[in-house]
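Please look over the sequence and the structure shown below before reading on. The report then takes up a few of its parts in turn.

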Amino acid sequence: MLRKPYIIHTPEEIARIRVAAAAAAHAREQIASAVEAGMSTKELDMIAGAIIRDLGGVPTFLGYCGYPGNICISVNDEVVHGIGRPDRIILKGDVVSVDVGVTLGGAVGDTAKTVYVGDDEPPGDVQRLLEGTRLSLEAGIKAAKAGNCMQDLSRAVEKVAVAHGLGVVREYVGHGCGIHLHEPPEVPNFATRSRGVKLLPGMVLCIEPMMNLGTHRIYVEDDQWTVRTGDGKKSAHFEHMVLITEDQTEVLTKW
Ligand code: MF3
Ligand code: CO
Ligand code: CO
């Protein structure tokens, strides 16, 4: 049987998804604020677990396909799915992506941001990386409106990233979300050959550009999780959950 190409959530589901997404956004901000030079990524993961549970939620990623962390923490050339480790110390000048999943009331929130560690302004290339990735997400959100196709959204994300000279990761994509962490459809960050599904009210999408300062190529580390850039250059990741409505698309995980 063919898998459903997309999911339209009911108003009752959307009410629960809103709560989980808001909790995930709250957790993301608290976790991002806790990032500090000198701490290990394992420490940060433990703090994240406590923050999520204090909000009444459960860390969605823990145990998902056997994933061993509370959240994903990806430093510098790590693109996504980095696992907290006691021997991985966060240093000044690092860029740290925190990707947070919160399960609450039978719904799921999934959101990420990347922060620069240090008191001063990031160097020019890091600024371009963070700014370009964030703006590519904003462009995707603007294009995520009822009546547009998935390809319109994907093209909008890619265009901004390319304009910033960034490498667009192709192997990992955004996704539908809400009741399960990963629901159809896929949300690519590059223009696909086909127009893809039409965006309809009631769809909840995770738009999550993963952009590199250098090559778009990536590989998966021996731990079978951590995704790294092919050339060792830095990578950034921002993720919002959006609800498509008749008129104004709503960001459910506002910064
Ligand atoms: N947060 C990822 C996403 O945005 C999924 C992580 S699943 C895990 O889709 F198992 F790696 F945690
Ligand atoms: Co995520
Ligand atoms: Co996601």
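## The largest pocket

The largest pocket holds about 510 Å³ of space, a volume being the space filled by probe spheres set on grid points that are joined across faces, edges and corners. A pocket here is an open set of points, on a 1 Å grid over the protein atoms alone, where a 1.4 Å probe fits, with protein on both sides within 12 Å along at least five of seven lines, and lining residues have an atom within 4 Å of a point. The lining has 27 residues, and Tyr 64, Val 173, His 175, His 182 and Glu 208 lie nearest the centre.

By kind, the lining residues divide into 13 nonpolar, 5 polar and 9 charged, where Ala, Val, Leu, Ile, Met, Phe, Trp, Tyr, Cys and Pro count as nonpolar, Asp, Glu, Lys and Arg as charged, and the others, Gly among them, as polar. Strand E8 gives the largest share, 4 residues; strands (E, at least two residues) are DSSP runs, as are helices (H or I, at least four), numbered from the N terminus.

## Strand E14

In strand E14 (residues 240-243), His 240 and Val 242 point one way and Met 241 and Leu 243 the other, and all are buried, that is, under 20% relative accessible area with a 1.4 Å probe, protein chains only. E14 runs antiparallel to E9, joined by 4 bridges, where pairing needs at least two DSSP bridges.

## About the model

This is a predicted model, in which local features need pLDDT of at least 70 and side-chain atom pairs count only at pLDDT 80 or more, whereas totals for chains, interfaces and linings use all residues. Residues are numbered from 1 along each chain as its sequence is written, chains are lettered from A and ligands numbered from 1 in the order in which they are written, and side-chain values use heavy atoms, with hydrogens and water left out.

Terms used
Buried means under 20% relative accessible area, exposed over 50%, partly exposed in between (1.4 Å probe, protein chains only).
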